[in-house]
Amino acid sequence: MRGQTRQRALPAAAAVAIGIMTLGALAPPASASASASASARPDAVQQALNTLVRDDGMPAALASVQGRDGRTRTYTAGLGDLATGSKVPRDGQVRIGSNTKAFVAVVVLQLVGEGKIGLDAFVDTYLPGLVRGEGIDGRRITVRQLLQQTSGLPNYSDHLGDDVRYYTPRELLDTALRHPADFDPGRRWKYSNTNYVLAGLIVEEVTNRPLAEEIDRRVIKRIGLRHTYFPAPGDASIREPHPHGYYREQAGAPLRDITEIDPSWGWAAGQLISTNSDLNRFFTALLAGRLLPSAQLAQMRSTVPAEATFGPGARYGLGLVSRPLPCGGLSWGHGGSFPGYETRGGATDDGRAASVAVTMQRTDEAGRRNLERAADTALCR
């Protein structure tokens, strides 16, 4: 989950360990349709998805686009399962990776609004003595720095190696603390999944409830996200109709079906499963003030430069990314990557929203930018 949750690529040894099957290097056809379009000529969004499948080699691409009037269009391209040739489920569930961070940030900021967490309080206020390491001291790192990725904490997911198994949050944190700090707290910005593991642990300490329950109660149920959930420990499946996710060890290598995988190594940094339409509903509700008081939403939208990870003009708030749109204005979202899936999109202040997902995690910069352009096309259509 480095960058726009550009997580580490799954090693070949790990692929064998979880029993995924090897497929031939299939090139699925871009045979897709838009549910709201009766025209034989595909619109700009459909063309963008077709291009992701045809030119970028994605097994499948799917999107949901919400207009200012609230009307939604859904799109698909490619194949949902390369082994059977089945269609892509319309608005199917996918692993949304680091979009999870926006959900966690909302929960933390709700607790800030309730006076239970101080945004500029130190981590040791809630987890005394837990965060110590070389150049690392929880008495010097604030909650705000965790949410804004300015803590200097090393990224645990860079150091997990080939061991794909169930991880507890404390194991993820301990992995990070075995490595030195990247910089002193507040000195600069650098993306680290460790920040959100700590944010999740603070939520659990303050509420005395599991993080998954707090996300479900405070966000998912509150705005009616019917297809979003935090997988239970040991649950490697995806509950509802979904396209299969794939992994390629290197260019030219065969695709491997990696749909079922223990997601615990993502936890508060990237474990959620959702759909494109639910992501649109979430970010639209967030910007409309339905999840946070105005003071906390303003803090969430207070940003620092993050171009090195998220592209030209991008800025990072508290679990929220702003990006300039080619048609003018900003989109607000996050994006996420998890082995087998990658999502991009966001919402605008005038009520537009779009989310695009593909069923193979991109590891090359050009591929990621193509996915971002597809999301921009959907938002600007």
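View 1. Gln145 lies in helix 4 (residues 143-148), where helices (H or I, at least four residues) and strands (E, at least two) are DSSP runs numbered from the N terminus. This is a predicted model, in which local features need pLDDT of at least 70 and side-chain atom pairs count only at pLDDT 80 or more, whereas totals for chains, interfaces and linings use all residues. Residues are numbered from 1 along each chain as its sequence is written, and side-chain values use heavy atoms, with hydrogens and water left out. With a relative accessibility of 14%, Gln145 counts as buried; buried means under 20% relative accessible area, exposed over 50%, and partly exposed in between (1.4 Å probe, protein chains only). When its neighbours within four places in sequence are left aside, Gln145 is in contact (heavy atoms within 4.5 Å) with Arg140, Thr150, Ser151, Pro185, Gly186 and Asn195.

**View 2. The disulfide between Cys327 and Cys380.** The sulfur atoms of Cys327 and Cys380 are joined in a disulfide with an S to S distance of 2.0 Å, and the count comes to 1 disulfide by the rule that a pair of cysteine sulfur atoms must lie within 2.5 Å. Cys327 sits in the loop between strand 11 (321-324) and strand 12 (330-333), while Cys380 belongs to helix 12 (residues 365-380), so the pair ties together parts that are 53 residues apart in sequence. Because the torsion about the S-S bond of Cys327 and Cys380 is about -75°, the disulfide is left-handed. Cys327 is partly exposed at 42% relative accessibility, and Cys380 is also partly exposed, with a relative accessible area of 26%.

**View 3. Leu379 in helix 12.** Leu379 has its place in helix 12 and counts as buried, at 2% relative accessibility. Apart from neighbours within four places in sequence, the residues in contact with Leu379 are Leu325, Ser331, Gly346, Thr348, Arg352, Ala353 and Ala354. The C-alpha atoms of Leu379 and Gly67 are separated by 8.5 Å, although these residues are 312 residues apart along the chain.

**View 4. Packing of helix 5 and helix 6.** Two packed helices are described by the angle between their axes and the distance between the axes. Helix 5 (residues 169-177) and helix 6 (residues 194-207) pack at an angle of about 140° with their axes 10 Å apart; axes are lines fitted to C-alpha atoms, for helices over the stretch in contact, and angles run from 0 to 180 degrees between N-to-C directions. Helix 5 is therefore oblique to helix 6, given that angles under 35 degrees count as roughly parallel, over 145 as roughly antiparallel, 65 to 115 as roughly perpendicular and the rest as oblique. The crossing of helix 5 and helix 6 is left-handed, a term used if the near helix is turned anticlockwise from the far one by less than a right angle, with right-handed used if clockwise. Pro169, Arg170, Leu172, Leu173 and Ala176 of helix 5 make the contact with Thr194, Val197, Leu198 and Leu201 of helix 6.

View 5. The axes of helix 3 (residues 99-113) and helix 7 (residues 211-220) come within 10 Å and cross at roughly 80°, which makes helix 3 roughly perpendicular to helix 7. Their contact involves Phe103, Val104, Val106, Val107, Gln110 and Leu111 of helix 3, together with Leu211, Glu214, Ile215, Arg218 and Val219 of helix 7. Helix 3 also packs with helix 6, at an angle of about 40° and with the axes 10 Å apart, an arrangement in which helix 3 is oblique to helix 6. That crossing of helix 3 and helix 6 is left-handed, and its contact is made by Lys101, Val104, Ala105, Val107, Val108 and Leu111 of helix 3 and Tyr196, Ala199, Gly200, Val203 and Thr207 of helix 6.

View 6. Most residues other than glycine have a negative phi. Asp91, found in the loop between strand 2 (72-78) and strand 3 (94-95), has a positive phi near 55° and counts as buried at 18% relative accessibility. Asn208, in the loop between helix 6 and helix 7, has a positive phi of about 60° although it is not a glycine, and it counts as exposed at 70% relative accessibility.
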